[in-house]
Amino acid sequence: MSLFKYMLYGKRSKKSVPDDSNDDYDYDEDKTITDNDNLSVDPVTSKINIGEIFGPNGIPRHVLAKQGLINDEIDDKEYWWCYKGHKDFDPEKRKLAYDAVTVDQAIEHLNKKIASGDLPVFTIPAQIIEVFHLLERQDFDYMEVSSIIEKNPSLTGMFISSINSSLYNRGFTITELYPALLRLGKNNIRALLQLYSIKISFADDRRFGNMARKIIRHSYIVAIIASYLSQRYFPEPGLAFLAGLLHDIGKLGILKELSLDPRFCLRLKPDVTEDMFDPIFAGRHEQIGVKLGQQWKMDDLTLSAIERHHNFWEYDFSDEDQLDYHLCLLINLSDTMARILGEGRPIGETNIFLEPATIDLNIEKNISTVEFFADIPAIVSNKSANNIL
Ligand SMILES: [Fe+2]
Ligand SMILES: [Fe+2]
């Protein structure tokens, strides 16, 4: 989608609701649907039976209707995006990471940190600091960056997997480090290296480390979903990937901060999970995330998505800020999708098409969208995502 078309589509004023049911298709009207057209059923995506109706190349509604293979209405209940809710999801009965008094102390402690701007510092391996220095130079050379990173096989694997996950289904695969770095760009390289360093910095701490790894994995999945959705709903997939990677960075900052203080380290409950931190993370991970993003010299669009990805409707986006607004919507939607698919905190009953972010992005429920969304569980279950861990 061109930037011009995008700008016409997505204005916050909602004065125009686009009809994207006329998207161009590459199809043959006389095509008969056979079993071979069906999408394979992945164990993770077994809820999806979209392949029973739609061939992988996309066939318009009227052709399917002519062949008697589709009802007039798309029944959401049949598809992954209409989710009954996680079996353990009950915000009322949620356990806390600490006793109530310690939760209050943690909140007070973090509020002071936010006010003072005194942020936790993550230890960064010397090899990565060398890359950061290189990336700061105006005339940095990707070949030079590549020659440092390739000495570390797990970092090399992470970059190649990242680019291939974010390019999912776009017709090519990258197998070499240099083109992967070139394609990811400076900011995504820096963000991935930061996440990698954070993961390593929690290596000796089992309980905080487990949560940190899950948050990093969730962020990575949100990044690849956001990048995939950008094919239709955002003009800059690289920026969407970056905002996805960093949207919950503040949670990692909070975990690091608490892990350094014996009060919060020793009193942590043994069976702790991320959702038990909800009262502590809520409203604070966005603020600490912005400060970390500023420290890492991230661009304003990414900072805005970090700050506003949960409560975008509370902000007044001007005409000039429509790109910021759409990035917030995209990250919010990608986050919800990741959670439905089990990558993130448990989520209650949700239908993606009823989500405010979906509505504000003007995503219409039609065959074209249904088919586009059907690939998302496969992206999430893609084995390459494991390389980030
Ligand atoms: Fe968040
Ligand atoms: Fe998230």
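What covers the buried residues of α14? The cover includes α9 (237-246), α10 (249-259), α13 (284-295) and α15 (322-340). Here a residue is called buried if 20 or more other C-beta atoms lie within 10 Å of its own, exposed if 12 or fewer, and partly exposed in between, with C-beta atoms placed from the backbone. Helices (H or I, at least four residues) and strands (E, at least two) are DSSP runs numbered from the N terminus. The model is a predicted one, so local features need pLDDT of at least 70 and side-chain atom pairs count only at pLDDT 80 or more, while totals for chains, interfaces and linings use all residues. Residues are numbered from 1 along each chain as its sequence is written, and chains are lettered from A and ligands numbered from 1 in the order in which they are written.

Back to α14 itself. This helix spans residues 300-308, and seven of its nine residues are buried, so the rest of the structure largely encloses it. The buried ones are Thr-302, Leu-303, Ser-304, Ala-305, Ile-306, Glu-307 and Arg-308. Helix α10, part of that cover, is itself largely enclosed by the rest of the structure, since ten of its eleven residues are buried. Among them are Ile-249, Gly-250, Lys-251, Leu-252 and Lys-256.

Next comes the nonpolar core, meaning a set of buried Ala, Val, Leu, Ile, Met, Phe, Trp, Tyr and Cys residues joined through C-beta atoms within 7 Å. The largest such core has 94 residues, and the members touching the most others are Phe-159, Ile-225, Ala-226 and Leu-330. Helix α8 (residues 206-233) supplies the largest share of this core, 15 residues. Take Phe-159: once neighbours within four places in sequence are set aside, it is in contact (C-beta atoms, placed from the backbone, within 7 Å) with Ile-149, Leu-177, Ala-180, Leu-181, Leu-184 and Leu-192.

Axes here are lines fitted to C-alpha atoms, for helices over the stretch in contact, and angles run from 0 to 180 degrees between N-to-C directions. Angles under 35 degrees count as roughly parallel, over 145 as roughly antiparallel, 65 to 115 as roughly perpendicular and the rest as oblique. A crossing is left-handed if the near helix is turned anticlockwise from the far one by less than a right angle, and right-handed if clockwise. For residue classes, Ala, Val, Leu, Ile, Met, Phe, Trp, Tyr, Cys and Pro count as nonpolar, Asp, Glu, Lys and Arg as charged, and the others, Gly among them, as polar.

With α8, α9 packs at an angle of about 160°, the axes being 7 Å apart; the two are therefore roughly antiparallel. Their crossing is right-handed. On the α8 side, the residues involved are Ser-219, Tyr-220, Val-222, Ala-223, Ala-226, Ser-227 and Ser-230, and they meet Pro-237, Ala-240, Phe-241, Ala-243, Gly-244 and Leu-245 of α9. Sorted by class, this contact has nine nonpolar, four polar and no charged residues.

Against α14, α9 sits at about 40° with axes 9 Å apart, which makes the pair oblique. This crossing is right-handed too. Leu-239, Leu-242, Ala-243 and Leu-246 of α9 make the contact with Leu-301, Thr-302, Ala-305 and Ile-306 of α14. Seven of these residues are nonpolar, one is polar and none is charged.

With α7 (residues 177-201), α9 packs at about 20°, with 10 Å between the axes, so the two helices are roughly parallel. The crossing of α7 and α9 is left-handed.

Some individual residues round out the picture. Pro-125 is in the loop between α3 (100-116) and α4 (126-136), and with 15 C-beta neighbours inside 10 Å it counts as partly exposed. Although 72 residues apart in sequence, Pro-125 and Ser-197 are 6.8 Å apart in space, C-alpha to C-alpha. Lys-297, in the loop between α13 and α14, has a positive phi of about 60° despite not being a glycine. Lys-297 is exposed, with 10 C-beta neighbours inside 10 Å.

Definitions and conventions: Contact = placed C-beta atoms within 7 Å.
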